[in-house]
Amino acid sequence: MKYGKFAKRKKRAPLWYYALLTGLTVVMLASAWYLGTYYINSKQAAVDYEDLTALVEAARNTAPTVPRQENDTQEDIPPAKLEDIRDEGGILLEYAPAYAINPDLAGWLSIPGTEIDYPVMHTPDRKDHYLYRNFAGESSDWGCLYAREECDLNGPSDNVTIYGHHMKDGSMFAGLDAYLSREFWEQHRYIRFDTLTEHNTYAIFAVFTTTASLGEGFAYHDFIDAEDETAFDAFVAACLSLSRYDTDIVPQYGDKMICLSTCEYTQTNGRLVVAAVRIG
């Protein structure tokens, strides 16, 4: 009998079921919003950096370079060195337009074989200022590459640490992961890190991981200027002892180095570091 006073009532679901369903719906909507926002912001960050790079590309591509020898190959020599042509203010011509937009610009880092081709910022009196700010100074999860505040980029310091985020979209310093492979290093040994006044080439001598947890790991970022040759050699030895592979490159006292630092996720508060020494 379908209808009547004795009709069987449909059993209602318990309240926890509706609460769970509502919670799952909220989580799904929040996840969709997050992914959509991340995608949009990722595209915008890429466009912003592409626009900035366009300011230097024309000059970079047309600037005269120091001639190579006929038997030189990309695999066994650094990228061709650009001539140091400066404007009236002493700034390299290709970086003058970007510097005019933001005088916190301190250099430019380019690594063949990766997406890394970005400005490097420096704010000695503002700690981590560009950790979550883009080149325009606006809030951004992508931030900018920036040098440790205590470092002198023009001196330069014996070691300049440059920080960058490890972004899921492969941008910023995510490309450093490739150097965990010796094979990749063999084909891309050289880094171009220019200051505002000089074009410089660096050779990678160590690639290692460590932790930034207080009191643990190797505090590579604390080494800026060596007190003496012993301190310099100790820092180099520590980098080489941690390196994933042997590069047969050993910086000597008086050499200038950079450490490229980004997050690494196989350990708590992990860091991936690519250490390089200036060769030209």
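**Figure 1. Contacts and overall make-up of the chain.** Of the contacts in the chain with a separation of 6 or more, 62% link residues 24 or more positions apart. The model is predicted. The chain has 280 residues, and 43% of them are buried. Its secondary structure comes to 4 helices and 8 strands. Along the sequence, these elements follow the pattern α-α-β-β-β-β-α-β-β-α-β-β.

**Figure 2. The barrel.** The 8 strands form a closed barrel. Their order is E1-E2-E3-E4-E7-E8-E6-E5, and the pairing is mixed. From one strand to the next, the twist averages 30°. In a regular strand, side chains alternate between the two faces of the sheet.

**Figure 3. Strand E1 and its two partners.** E1 covers residues 105-110. Here 6 of the 6 residues are buried, so E1 is largely enclosed by the rest of the structure. E2 (residues 117-121) runs antiparallel to E1, and 5 bridges join the two. E5 also pairs with E1 in the antiparallel sense, over 4 bridges. Leu109 takes part in both pairings: its bridge partner in E2 is Tyr118, and its bridge partner in E5 is Phe193.

**Figure 4. The E1-E2 hairpin and Ser110.** E1 and E2 form a hairpin with 6 residues between them. In the turn, Gly113 has a positive phi of about 90°. Ser110 is found in E1. Is Ser110 buried or exposed? Its relative accessibility is 12%, under the 20% limit, so Ser110 counts as buried. The side chain of Ser110 makes a polar contact with the side chain of Asp117, at 2.7 Å.

**Figure 5. The E5-E6 hairpin.** E5 spans residues 190-195, and E6 spans residues 201-211. A hairpin of 5 residues joins E5 to E6. The two strands pair in the antiparallel sense over 3 bridges. Two facing pairs can be picked out. Arg192 stands opposite Thr201 in E6. Ile191 stands opposite Tyr202 in E6.

**Figure 6. Strand E6 between E5 and E8.** In the barrel order, E6 sits between E8 and E5. How many residues of E6 are buried? The count is 11 of the 11, so E6 is largely enclosed by the rest of the structure. On the E8 side, 9 bridges join E6 to E8 (residues 270-278). These two strands run antiparallel. Thr209 has Leu272 as its bridge partner in E8. On the E5 side, the pairing is over 3 bridges.

Figure 7. H4 (residues 229-242) lies across E4 (159-163), E6 and E7 (257-264). H4 runs at about 70° to E6. The helix has 14 residues. From its first C-alpha to its last, H4 reaches 20 Å, close to the 20 Å expected at 1.5 Å a residue. At the N-terminal end, Asp228 caps H4. A side-chain oxygen of Asp228 lies 3.2 Å from the backbone nitrogen of Thr230.

**Figure 8. The two sides of H4.** Which residues of H4 are buried? They are Phe232, Phe235, Val236 and Cys239. These residues cover an arc of only 95° around the axis, which puts them on the same side of H4. What covers them includes E4, E6 and E7. The face turned away from the buried side carries the exposed residues Thr230 and Ser241.

**Figure 9. Lys256 and its surroundings.** Lys256 is found in the loop between H4 and E7. At 18% relative accessibility, under the 20% limit, Lys256 counts as buried. Which side chain makes a polar contact with the side chain of Lys256? The partner is the side chain of Asp158, at 2.9 Å. Leaving aside residues up to four places away in sequence, Lys256 touches Pro156, Ser157, Asp158, Tyr202, Ala276, Val277 and Arg278. Tyr202 is the E6 residue that stands opposite Ile191.

How values were computed: Residues are numbered from 1 along each chain as its sequence is written. This is a predicted model: local features need pLDDT of at least 70, side-chain atom pairs count only at pLDDT 80 or more; totals for chains, interfaces and linings use all residues. Side-chain values use heavy atoms; hydrogens and water are left out. Two strands pair if DSSP finds at least two bridges between them. Axes are lines fitted to C-alpha atoms, for helices over the stretch in contact, and angles run from 0 to 180 degrees between N-to-C directions. Contact means heavy atoms within 4.5 Å. The expected span of a helix is 1.5 Å times one less than its number of residues. Buried means under 20% relative accessible area, exposed over 50%, partly exposed in between (1.4 Å probe, protein chains only). The arc is that of the directions from the helix axis to the C-beta atoms. A polar contact is a pair of N or O atoms within 3.5 Å; within protein, one must be able to donate a hydrogen and the other to accept it, and residues adjacent in sequence count only if both atoms are side-chain atoms.
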